[in-house]
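Here's a quick briefing on a ligand site and a ring pair. Have a look at the model first, then read on.

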Amino acid sequence: MKEQASRELFAEAAEMMRNSYAPYSGFHVGAALLAEDGTVYTGCNVENASYGASNCAERTAFFKAVSEGCRVFRAIAIAGGPGGKTGDFCPPCGICRQVMREFCDPETFEIILGNDRGEIRIFRLKELLPESFGPDQLEGGK
Ligand code: THU
């Protein structure tokens with residue numbers, strides 16, 4: 001993706017931190033998932049008093065998209081930090097990387113990270129999840 005488009009997607013992710021429900025960790029995360037057809041599905045983290053029931057921003061975005069019938073994606077931008085301050089990059093957790101692997105091509109899918117100094121880093125999924133296990137390993141997958 002072009003740099004300007006990546007910055008715009010990151011801005012949408014940062015905007016989504018507003019909706020983050022994170023009373024336990026205080027760590028607010030927003031995600032913006034760009035589908036092949038240009039639609040952007042946003043998500044935030046949603047925590048729970050039973051901590052294990054919490055959901056990350058990235059998975060919220062993916063599950064919104066898939067539940068709407070969308071399964072082909074180009075990129076996801078992620079913004080997160082304590083109190084919604086994005087001093088550092090917020091890389092996706094391992095479970096979210098695996099969910100990306102289910103629906104995205106590791107060679108082409110882009111993961112866009114940013115911070116409040118205007119720095120952007122872009123990774124391909126294969127860089128963040130090398131030697132991955134995916135649907136092609138299982139009969140019946142996708
Ligand atoms: N979190 C995300 O939403 N995405 C990530 O990739 C990292 C972690 C959330 C989960 C939890 O609500 C909080 O950040 C602290 O772990």
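Around the ligand you'll find Ser25, Phe27, Val29, Asn45, Glu47, Cys56, Ala57, Glu58, Pro91, Pro92 and Cys93, counting a residue if one of its heavy atoms lies within 4 Å. Keep in mind that this is a predicted model, where local features need pLDDT of at least 70, side-chain atom pairs need 80 or more, and totals for chains, interfaces and linings use all residues. Residues are numbered from 1 along each chain as its sequence is written, and side-chain values use heavy atoms, with hydrogens and water left out.

**Ligand contacts**
- Glu58 puts a polar side-chain atom 2.6 Å from a ligand oxygen, a polar contact being a pair of N or O atoms within 3.5 Å.
- Asn45 has a polar side-chain atom 2.9 Å from an oxygen atom of the ligand.
- Ala57 uses its backbone instead, with an N or O atom 2.9 Å from an oxygen of the ligand.
- On its own the ligand has 370 Å² of accessible area, and the protein covers 78% of that (Shrake-Rupley method, 1.4 Å probe).

**Make-up of the shell**
- By class, the shell has seven nonpolar, two polar and two charged residues.

**Aromatic pairs**
- The structure holds four aromatic pairs (ring centres within 6.5 Å; planes under 30 degrees apart are stacked, over 60 edge-to-face, the rest tilted).
- Phe62 and Phe73 have ring centres 5.1 Å apart and planes at 70°, so they pair edge-to-face.
- Phe62 sits in helix α2 and Phe73 in strand β3 (residues 73–82), so this pair ties together parts 11 residues apart in sequence.

Definitions and conventions. Polar contact = N/O pair within 3.5 Å; in protein donor to acceptor, adjacent residues only side chain to side chain. Nonpolar A, V, L, I, M, F, W, Y, C, P; charged D, E, K, R; others polar. Phe/Tyr/Trp six-rings, centres within 6.5 Å; stacked < 30°, edge-to-face > 60°. Helix = DSSP H or I, 4+ residues; strand = E, 2+ residues; numbered from the N terminus.
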